[in-house]
Amino acid sequence: MKTRLFINFLFASLLVGCSEDPSRYLTSLASYAQLEREVGCDSKFSDDKKKDIFEEHYKNRWMTWSGTVVHPNKGEVSLNIDKTGIQDLTVDFSDGELGYNLVEDDEITVKFVMKTLGGCFLPYTGEHAIIEYYPLLK
């Protein structure tokens, strides 16, 4: 009986872990500046509170941000959003090829699912990204 329960638990865990459906995620209209104030480098909250706010309001939410292409690759791109420093956001593209024609220093807008909290030195990260606006793709 215990073996059967363990096998059922293992099977259910695998199904849940492999079945991420980004279409079911909520949308957040928060800007990069808003996240920086609430949970990023500009926040005055404790690290624990920042993490809780991020988990509750931003993680696994669709977001749309614009920025300057810093590191274009066919499967991902890094963007400088606040025009200071280097990269503020790194996203993986939904189809793995969208970044192939991107050009460094161009401005783009991406829609993505937020995954990890950024900070003073590390960028926010996202997945399932699509390009919402890129002038060269007209």
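How many salt bridges does the structure hold, if a salt bridge is a side-chain nitrogen of Lys or Arg within 4 Å of a carboxyl oxygen of Asp or Glu? By this rule the count comes to four. The structure is a predicted model, in which local features need pLDDT of at least 70 and side-chain atom pairs count only at pLDDT 80 or more, while totals for chains, interfaces and linings use all residues. Residues are numbered from 1 along each chain as its sequence is written, and side-chain values use heavy atoms, with hydrogens and water left out.

**View 1. The largest nonpolar core.** This core has 25 residues, where a nonpolar core is a set of buried Ala, Val, Leu, Ile, Met, Phe, Trp, Tyr and Cys residues joined through side-chain atoms within 4.5 Å. Those with the most contacts inside the core are L35, W65, L89, F112 and Y124. Among the elements that give two or more residues to the core are helix 2 (32–38), helix 3 (47–57), strand 1 (62–72) and strand 5 (124–133). Helices (H or I, at least four residues) and strands (E, at least two) are DSSP runs, numbered from the N terminus. Strand 4 supplies the largest share of the core, four residues.

**View 2. Surroundings of F112.** F112 is buried, with a relative accessible area of 0%; buried means under 20% relative accessible area, exposed over 50%, and partly exposed in between (1.4 Å probe, protein chains only). Neighbours within four places in sequence aside, the residues in contact with F112 include W62, W65, L89, V91 and H128, contact meaning heavy atoms within 4.5 Å.

**View 3. Aromatic pairs around W65.** The structure holds four aromatic pairs. Rings of Phe, Tyr and Trp (its six-membered ring) pair if their centres lie within 6.5 Å; planes under 30 degrees apart count as stacked, over 60 as edge-to-face and the rest as tilted. W65 and F112 form an edge-to-face pair, with ring centres 5.5 Å apart and planes at 75°. This pair links strand 1, which holds W65, to strand 4, which holds F112, across 47 residues. W65 is buried at 3% relative accessible area. The rings of W65 and Y124 are also edge-to-face, their centres 5.8 Å apart and their planes at 85°. Here W65 in strand 1 is linked to Y124 in strand 5, 59 residues apart. Ring pairs link Y32, W65, F112 and Y124 into a cluster.

**View 4. G40 between helix 2 and helix 3.** G40 lies in the loop between helix 2 and helix 3 and is buried, at 1% relative accessibility. The C-alpha atoms of G40 and G119 are separated by 5.0 Å, although these residues are 79 apart along the chain. Neighbours within four places in sequence aside, G40 is in contact with L35, K50 and Y124.

**View 5. Salt bridge between K50 and D47.** The closest N and O atoms of K50 and D47 are 3.7 Å apart. Both belong to helix 3, and because they are three residues apart there, about one helical turn separates them. K50 is buried at 13% relative accessible area, whereas D47 is exposed at 60%.

**View 6. Salt bridge between E107 and K83.** The closest N and O atoms of this pair are 3.1 Å apart. E107 in strand 4 is linked to K83 in the loop between strand 2 and strand 3, 24 residues apart. E107 is partly exposed, at 38% relative accessible area, and K83 is exposed, at 54%.
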